[in-house]
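Please open the model in your viewer and keep the selection tool at hand.

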Amino acid sequence: MDVRGAATWEALASRDASSRDAAMASLHQEVMRRVESVGPMPETPSGPSATSAPGVADDLSDILARVLMLSKRCPYDDVREKCVWLLRSIQDIGVRIPRPLGNGPSKFIPEKEILKVSKVDARTIFEEAFSLGRLDNISLVMGFHPQYLESFLRTQHYLLQMDGPLSLHYRHYIGIMAAARHQCSYLVNLHVNDFLQVGGDPKWLNGLEGAPQKLRSLGELNKILAHRPWLLTKAHMESLLKAEEHSWSLAELIHAVVLLTHYHSMASFTFGCGISPDIHAEGGHTFRPPSLSSYCVCDIANGNGAVDELLADQQVLEVSGEVEVLMERMKQLQECRDEEEASQEEMATRFEREKSESMLVTTAEYEECVPSRDVSRHFEDPSYGYQDFSRRGEHVPTFRVQDYSWEDHGFSLVNRLYPDVGQLLDEKFQIAYNLTYNTMATHQGVDTSMLRRAIWNYIHCMFGIRYDDYDYGEINELLDRNFKVYIKTMVCSPEKITKRMYESFWRQFQHSEKVHVNLLLMEARMQAELLYALRAITRYMT
Amino acid sequence: MEKMTCVSPLSGKTMFCHLDAPANAISVCRDATQVVVAGRNIFKIYAMEETGFVERLNLRVGRKPSLNFSCADVMWHQSDENLLATAATNGAVVTWNLSRPCRNKQELLFTEHKRTVNKVCFHPSEAHMLLSGSQDGFMKCFDLRKKESVSTFSGQSESVRDVQFSMKDYFTFAASFENGNVQLWDIRRPDRYERMFTAHTGPVFCCDWHPDDRGWLATGGRDKMVKVWDMTTNRAKEIHCVQTIASVARVKWRPERRWHLATCSMMVDHNIYVWDVRRPFIPFATFEEHKDVATGVAWRHPHDPYVLLSGSKDSTLYQHMFRDASRPVDRANPEGLCFGLFGDLAFAAKESLMAGDAGRKPYPGGDRRYPIFFFKKPDVTEQFAQVSSALSVFEFEANGGDEGRGRMDWFVETARRYLLTGKPFAELCDHNAKVAKELNRPQVSTTWTMLRIMYSDPGNPATPANHNISKLGNIPLMISLKEMSSALNERNKENRVDNLHNLETNLNIDENEETEGSEGQAEYLFGDAELDDDDLYSMEHDNQTEEPEYILPQEAFPLRHEIVDHPSAPEPPAEKPESPQVSGGETEGSCLTPMESFSLISVSQLLFQPRLPPGFFSPVVRAALTHYAELGDVQMAVSALIVLGERIRKEVDELTQEHWYMSYIELLQRFELWNVSNEVIKLSTCSAITCLNQASTTLHINCSNCKRPMNNKGWICDRCHQCASVCAVCHHVVKGLFVWCQGCSHGGHLEHMREWLKHSNHCPAGCGHLCEYT
């Protein structure tokens with residue numbers, strides 16, 4: 001089935017309507033054949049495994065899960081309709097069919113809002129992504145910003161599939177390592193599948209100790225990069241690059257670093273937007289019939305109940321002035337900037353203050369959160385987490401962007417050792433940084449560059465990266481406390497993001513704008529990590 | 001001023017001093033005695049003396065120096081030796097007056113830029129004019145007598161990386177941008193730029209006007225290129241391009257040397273290069289002293305080309321003397337050798353080396369390939385050590401020199417000239433060997449010869465012996481030429497050897513029969529056809545043992561020559577289902593009689609056949625063919641496969657064969673060798689290939705009455721309901737093969753026409769035309 005199945009799924013994603021038709025027909029046959037061989041499912045909830053041929057039944061439920069996924073996510077109407085029809089027809093025979101768990105691609109954003117976008121703006125990109133084999137929930141959520149999504153997918157495809165120094169299963173394994181660092185089970189599951197598909201050794205998945213020495217030595221870098229990148233020194237690079245049996249080449253290391261940072265920031269995004277598991281993946285669907293209790297749980301957890309909405313409305317009323325206040329402040333800053341010139345000392349202290357204040361923004365609401373064993377086996381030293389930059393005593397010099405910037409230095413280094421990736425990343429950063437629709441909530445024609453710059457620089461500030469030419473006082477003016485908490489949590493310990501945090505900042509803003517913020521955070525974080533890693537490599541090279 | 005005249009080239013030595021911190025930029029004082037070094041944590045002035053650098057002044061004062069001291073760029077005023085300007089990373093533009101009595105020399109502070117200022121530049125002749133370019137995308141022009149900028153220029157694009165006043169045009173300055181653009185501005189018109197063009201992909205980090213040539217601008221970018229633009233024309237024209245190995249951070253024209261410029265890189269590469277823009281592939285000189293990237297370069301004196309100063313991230317300041325520079329040219333390997341895409345070979349060497357075989361004789365070793373020489377003319381203004389080199393390009397001598405050169409000549413030639421059929425096996429091999437040899441492919445040639453030897457009669461020189469046989473066997477054969485022809489045809493079907501050849505034979509025989517042509521020719525031809533099998537293992541042997549297999553493909557097969565010969569055949573499904581069933585029986589019937597005469601010949605051959613078992617060489621040949629195919633020479637594999645035919649066919653599995661055929665056919669079609677490709681398709685034995693000829697051929701028929709196209713059926717017109725094609729002999733509708741005279745356009749059933757024309761020369765329709773059936 002596997003071989004046939006793969007071809008069928010692929011054909012379903014083709015742009016050619018007739019081949020989709022054919023694939024759909026063969027899928028239909030396949031399902032029916034299996035349904036017959038399994039026989040009607042017993043009514044007991046013990047599930048398909050109780051039947052005579054458990055293997056076939058498992059197969060069947062796998063296929064059904066995918067059919068379910070197609071019926072919801074496929075960008076082609078014909079396939080969606082036929083999948084729905086197929087499911088319904090076998091349900092009539094008496095086969096239990098799966099049903100999606102949760103509400104859409106994101107736990108935070110109502111499904112209908114996301115799907116609305118996917119039908120218009122991002123459609124061609126989705127089709128392209130789909131034909132490349134996958135349209136995951138992350139892409140669906142990013143579909144709010146098609147321009148960025150395109151660049152993102154191109155970069156990710158290049159990093160994972162195209163020519164590069166690392167072999168395919170290494171790439172996925174590094175992705176797993178990086179995502180596991182943040183206990184992002186969504187990304188881990190995604191790449192465990194991919195890893196196995198490209199022929200990776202399942203033993204590696206038992207934990208880092210099962211992986212080759214070469215990957216194990218990357219664990220340290222992964223750890224530091226994820227939580228305290230400012231501690232990276234050229235010694236770390238040296239230990240990876242020094243010539244011995246399990247050493248890395250420079251090109252491989254660059255590739256690995258790019259992958260690590262990419263997946264660290266992806267983990268941030270995944271949590272930040274509350275991405276739920278893909279429908280066909282484990283945990284994305286259930287065969288259980290909807291019961292009353294599960295309804296309740298679902299609605300409460302996702303805040304889609306009527307009561308909740310009512311509450312939210314009230315909240316919106318209360319804070320309706322928020323956007324206007326923010327805009328007013330931006331305007332003020334723009335105007336009074338020339339008049340009141342802060343002294344140099346003042347500027348320096350403002351940076352320090354912002355830095356230290358970011359420490360006070362606590363994220364410890366859910367301290368008891370313990371990584372599940374399942375995911376934590378992919379990394380070592382689970383206790384190692386984000387620690388505030390420049391903590392008591394240990395003084396780490398501030399990273400000055402003017403001395404090592406992505407545009408001037410990082411780009412050249414990456415592009416030299418891993419051609420084309422520098423270009424791709426550069427485009428991605430620029431699109432993320434410059435993306436704007438000149439809107440804020442309901443207001444049109446607003447220059448948001450100041451706000452975007454404040455967010456970007458605030459993240460870099462948390463990583464101890466300083467822009468000489470930025471007045472960090474602006475951050476205080478523009479970013480309120482709830483927002484800071486969200487940013488800090490998302491960037492430093494994304495696994496602790498809750499729906500409440502997501503909702504409590506910028507209440508009047510639209511979901512697409514919150515996703516936009518998430519993209520900004522994600523890219524800023526990635527660049528910050530990259531800058532530290534690349535600087536260390538540069539220092540090693542000179 | 002006094003130094004202007006005494007530019008003594010030896011006024012110093014290569015020397016350096018340690019700085020306390022990495023430098024970002026350096027600038028030299030007008031009289032070339034002092035240099036200022038600026039960086040994030042350094043701002044000092046050094047005096048350059050004979051023996052070394054001496055620190056003169058530390059401008060970075062104060063207990064806790066502000067960010068205004070953190071310099072991205074510095075420039076010394078071109079005439080006032082007390083005046084300096086710096087660009088600060090926090091967006092400030094600062095001027096410093098060294099004549100101020102107190103320790104803090106800061107004079108003016110402009111904080112108009114919102115982002116880091118990347119560059120400051122004094123006007124070359126206007127004493128009070130200062131220009132700055134910043135990350136915020138603005139350029140500002142300051143009058144040092146005022147407290148604020150006099151004009152602001154908005155690039156309308158991204159960050160400004162460099163600004164430079166033109167040396168010659170009083171009002172013009174150039175600005176380079178992070179998005180790859182370069183803009184030209186008139187200082188009097190702040191509203192919009194005069195001209196903009198895209199110079200690089202990615203940021204343009206630097207630009208520099210040529211000190212002497214009006215309108216020459218050098219730019220360097222992250223894309224690792226230095227480009228020289230001629231700005232005097234309407235559109236900026238790129239006149240030179242130097243490719244470096246790392247992104248270019250600074251570029252500076254060398255004084256007094258029109259073509260030279262110095263560059264240093266932003267990342268990775270620590271050397272400073274001086275290039276001659278006309279020789280963009282190798283640096284003219286290299287300074288390798290720095291251990292980290294050089295961030296600032298400056299020529300010490302605007303008229304002394306021999307002394308270069310540089311500051312670096314490794315916290316050193318160097319004075320480089322040109323005589324100490326390393327010259328990569330000296331170390332470069334003066335010989336170069338490179339294969340072209342199509343097998344050409346280029347070889348470059350010093351002229352002295354090439355002088356030996358002057359006179360453009362073939363270079364030894366490259367026989368039959370004639371080198372073409374290119375000599376680089378020594379340019380007197382160039383200073384490179386060896387400027388004269390010779391480049392020879394060896395090319396395949398294309399058949400007599402009149403064919404197109406290079407490329408896949410051999411392939412085309414070979415395809416054209418190879419004989420795949422139509423001659424006895426040995427001759428085919430010999431011919432092809434000859435062709436290969438003439439085309440300079442000795443290995444292929446030898447392979448052909450070996451094939452001939454392997455499969456030919458080992459004891460006998462093939463041709464003469466066979467000639468005899470054919471003569472021997474001739475007499476009985478001559479009796480029934482006609483029958484023989486169908487016999488041949490039949491054998492052909494079964495044997496699948498050299499179809500085309502047989503076809504021709506058949507044609508010829510028919511012709512002979514009707515026109516009473518020369519016996520001799522027919523005889524000879526026949527002899528050849530005979531020979532074909534002579535060289536092989538015994539004919540009947542094959543026939544008998546493997547009969548069933550031969551018969552199998554009959555359906556696909558006859559079609560091709562049926563058109564000439566037999567009335568009809570099973571037609572491809574594309575044609576009408578109503579096609580008449582004339583075929584089959586007749587052919588099969590006719591094959592029985594000739595069989596006897598055939599065996600006769602074969603018996604006569606059997607008299608001398610002390611040969612190896614037929615399949616003896618097969619594995620070797622198979623391996624050879626596979627080898628060729630894998631080398632990419634699928635032509636050889638297919639040609640040999642066809643020529644060997646039955647001898648090897650069974651040894652190579654169908655799929656591989658098909659694959660070879662397909663590849664070869666595609667190649668042939670790429671080269672528009674339609675005829676050859678058709679021949680190959682025809683001669684192939686794979687059903688998948690032979691059916692290629694039957695695909696996508698469409699005949700459009702018009703009704704003979706109403707002249708409208710007939711869509712539905714081939715013989716009845718939808719419009720006038722008349723039968724279109726009536727046989728002129730039997731007056732019935734022809735539902736199948738319709739043969740007609742191209743002279744009078746009358747025709748009918750194939751066999752009817754043939755019968756008729758056997759007896760009469762006139763058209764059966766009675767039009768009086770003298771038709772001919774061939």
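Select both sides of the interface of chain B and chain A, where five salt bridges are found, a salt bridge being a side-chain nitrogen of Lys or Arg within 4 Å of a carboxyl oxygen of Asp or Glu. The residues of chain B that touch chain A comprise seven nonpolar, 10 polar (Gly is counted here) and 11 charged (Asp, Glu, Lys and Arg). For one salt bridge, pick Asp426(A) and Arg222(B), whose side chains meet with N to O at 2.8 Å.

This is a predicted model, in which local features need pLDDT of at least 70 and side-chain atom pairs count only at pLDDT 80 or more, while totals for chains, interfaces and linings use all residues. Residues are numbered from 1 along each chain as its sequence is written, chains are lettered from A and ligands numbered from 1 in the order in which they are written, and side-chain values use heavy atoms, leaving out hydrogens and water.

Now widen the selection to every residue in contact (heavy atoms within 4.5 Å): 28 residues of chain B are in contact with 24 residues of chain A. In chain B, select Arg40(B), Arg222(B) and Met267(B), which lose the most area to chain A and together account for 28% of what that side buries.

Finally, colour chain B by pLDDT, the predictor's confidence in each residue from 0 to 100; the chain averages 72, and 67% of its residues score at least 70. Residues 377-382 of chain B have a pLDDT below 50, and residues 397-406 of chain B stay under 50. For the complex, the predictor gives an ipTM of 0.73 and a pTM of 0.63.

How values were computed: Buried area = accessible area lost by both parts, 1.4 Å probe.
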